[in-house]
Amino acid sequence: MSDARIPLPFHEAAPRALDDGQLRRNLANVTSSIREKRAAMTSEMPDWEALRDAGKAIKEHTLANLGHYLEQLEASVTAAGGTVHWARDADEANRIVRDLVRETGTRDVVKVKSMTTDEIHLNEALAEDGVTAIETDLAELIVQLAHEPSSHILVPAIHKNRSEIRALFLEAFDLDPSELSDDPAALAGAARRFLRERFLTAKVAVSGANFAVADTGTLCVVESEGNGRMCTTLPDTLITVMGIEKVVPTWRDLEVFLQLLPRSSTAERMNPYTSFWTGVREGDGPQTFHLVLLDAGRSATLRDEAGRDTLRCIRCSACLNVCPIYERVGGHAYGSVYPGPIGAILTPQLRGAKQDGELPYASTLCGACYEVCPVKIDIPSILVEMRRRTVHKERAESRLPATSLIDAALRGAAVAFATPRRYEAAQRLARIGQAPWVRKGVLKNLPGPLAGWSDARDLRAIPKQAFRDWWRERDEKQEMDA
Amino acid sequence: MSGKDARRAMLDAIQAATEGVRDDDPAAAHAALTRPYRQVGERDAAARLDLFEERLVDYGVDVSRLHASDVASAIDEELARRRASKVVVPLGFPEAYGVGVGARERLADDASPRELDAADATVSTCAVAIAETGTIALDAGAGQGRRAASLVPDVHLCIVHASQVVAVVPEATARLEPAVKAGAPITWISGPSATSDIELVRVAGVHGPRTLLVLLVTDA
């Protein structure tokens, strides 16, 4: 994978996103609305926590026995008339798909939204052969027409408003402005007409997969619009690209994930459409089926005890919607297919580009992501561990001094916080020492290396009376009154 | 040749990565996993049907409750209301219900996608339905048709028998298991297709049938 595909590092991209008022309004709107709905949909389930525990346990078990289940999946899919391919990295996966598409002789491929094929940049690879891959998910189509990457796992076009979308459609579908309003229903209708013809004529579809059942060889795609059903049903050939971590042992295991995923993801009791297919079915659906199993950093992540849990992720995006950082900077700032808290730990492991080391710092460690994760990935702990590794690595490469002002400050803090008496003494000292930098009750323009911190944050000055002093005074007063 | 190399290399890497954590007998370890969530719902049959109907209505589905003897006339009525003149009737669709299609032009479910696109509606049965999530599951069994048949036409009229309605998801997956093991394609439908991709405004009906009608047969 060439570095040219890797966009701006987070510390450069984030401030740009923060300056975009439209983006921030859209993001706040989307994240808060999905957050509320998700909370309602999960709290009505009396066994939600039990489902989370089961989801975690099944994924943990599967990952521990991943080799066994992948071989089993290969055998089942093959027995059902499908062909299984193994791809160590993105280039290998792209080459396999390009060859398969070339064999069919088609120039047009319809695609179901798939993060895995975004991750490997499959569309660009197909374009090298003159093959056009049309994204059929409405939001993916919008960002494809705008030549932009998605900004949210679930709603990739939340950074676009209706008038921008109308302008894109007018041009792409070759419509007269009088033929299309900016009403979302009209826009969806225009996309339906445009894509219906593509579905009816496409020879080849490319999809991802939400799950694959090892013992039956059954693939599963979860969706809302029906484009997934179209793509997995109408074309002659179906090519599914799937990360190796998506396998589950048995059909029964899906009873857990199909309850966890829609409520966590779109905050629905169930998503409108879920398609399951097993190899090839005579006279029904694609008569040629290929499954490409993609590693691309996953087995390396599996080897890492701290990072392994990341592979449990079912790509629901609940952690994005609760993240105070994501809510403000949006998906593009993370410079990866996988944004938000899960992206901050997944991207450095799967892609491992130099700049990805700063992604684990794009977090306040508030823990909200862990609270909502349907498979209980302890994202905050993994973030801390990855920060630790970044520091160690940078020290080993002498990009960071062996010891720094931050270490000294943290060591100082450890001393000060160790006993109540020390803490109060430090507070008294700080109250006196802060005077030159207090502006309207806020600490501003701190000196030296602290400037970087105070420039971007409002730290309240230490008040004249601390809570502890007030409490003590109150007790004394009450005693006197008594 | 290189495909075999990739396979071997990936399996070796996974084997090394799972050293010390994998089970000697994965199937036994899997069977021992605890499933502390609800396996069956607590509602009685009447409450189950009420909930199923409530969920469907919530998704914007037209639901009617009726007796088996009234299904044919209800089909005729609904098709007339939608001005459907060309109707897909899958193989194995109960003839007692099918008479409701009447003299309208009939298409078999193995019609080409292009022919299906010209049809106005599809009538079908289903395999199982889930009350808690308002889901209808098709497993390509008799009367349900090939997948394209319930997908391409703009109206899907589905007959659900009360005995097919279970309370929770695990009951449905258990009922579907034999079909899955036999290699049948399965489709879960929970309301008509929808998108919220434009400014989070919910638009019902994108690519699947924009109208989903359910006839809930209470005495079957």
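This is a predicted model: local features need pLDDT of at least 70, side-chain atom pairs count only at pLDDT 80 or more; totals for chains, interfaces and linings use all residues.
How are helix 8 of chain A and helix 9 of chain A oriented to each other?

1. Helix packing. Helix 8 of chain A covers residues 138-145, and helix 9 of chain A covers residues 162-172. Their axes lie 10 Å apart and meet at an angle of about 75 degrees. Angles of 65 to 115 degrees count as roughly perpendicular, and the two helices of chain A, helix 8 and helix 9, are therefore roughly perpendicular to each other. From helix 8 of chain A, the contact is made by Leu138(A), Leu141(A), Ile142(A) and Leu145(A). Helix 9 of chain A contributes Ile165(A), Leu168(A), Phe169(A) and Ala172(A).

2. The secondary structure of chain A consists of 22 helices and 13 strands. Its C-alpha trace spans about 90 × 60 × 55 Å along the principal axes. Of the 482 residues in chain A, 56% are buried. Contacts in chain A between residues at least 6 apart in sequence join residues at least 24 apart in 71% of cases.

3. Surface of chain A. The accessible surface of chain A amounts to about 20,600 Å², and carbon and sulfur atoms account for 53% of that area. Phe467(A), Trp470(A) and Trp471(A) make a nonpolar surface patch of about 370 Å². Phe467(A) belongs to helix 22 of chain A, which comprises residues 467-481. With a relative accessible area of 58%, Phe467(A) is exposed, because the exposed class begins over 50%.

4. Ala296(A) is not a glycine, yet has a positive phi of about 45 degrees. Ala296(A) is located in the loop between strand 10 (288-294) and helix 13 (298-303) of chain A. Its relative accessibility is 12%, so Ala296(A) counts as buried. Asn445(A), also not a glycine, has a positive phi of about 45 degrees. The loop that holds Asn445(A) runs between strand 12 (442-443) and helix 21 (451-456) of chain A.

5. Thr187(B) is part of strand 9 of chain B, residues 186-189. Is Thr187(B) buried or exposed? At 5% relative accessibility, Thr187(B) counts as buried. Apart from neighbours within four places in sequence, the residues in contact with Thr187(B) include Arg229(A) and Thr274(A) from chain A. From chain B, Ile136(B), Ala137(B), Leu138(B) and Arg147(B) are in contact with Thr187(B).

Key
Residues are numbered from 1 along each chain as its sequence is written. Chains are lettered from A and ligands numbered from 1 in the order in which they are written. Side-chain values use heavy atoms; hydrogens and water are left out. Patches are made of residues with over 30% relative accessible area and no salt bridge: like charges are joined within 9 Å, nonpolar side chains (Val, Leu, Ile, Met, Phe, Trp, Tyr) within 5 Å. Accessible areas come from the Shrake-Rupley method with a 1.4 Å probe; for residues, only the protein chains shown count as cover. A salt bridge is a side-chain nitrogen of Lys or Arg within 4 Å of a carboxyl oxygen of Asp or Glu. Helices (H or I, at least four residues) and strands (E, at least two) are DSSP runs, numbered from the N terminus. Buried means under 20% relative accessible area, exposed over 50%, partly exposed in between (1.4 Å probe, protein chains only). Axes are lines fitted to C-alpha atoms, for helices over the stretch in contact, and angles run from 0 to 180 degrees between N-to-C directions. Angles under 35 degrees count as roughly parallel, over 145 as roughly antiparallel, 65 to 115 as roughly perpendicular and the rest as oblique. Contact means heavy atoms within 4.5 Å.
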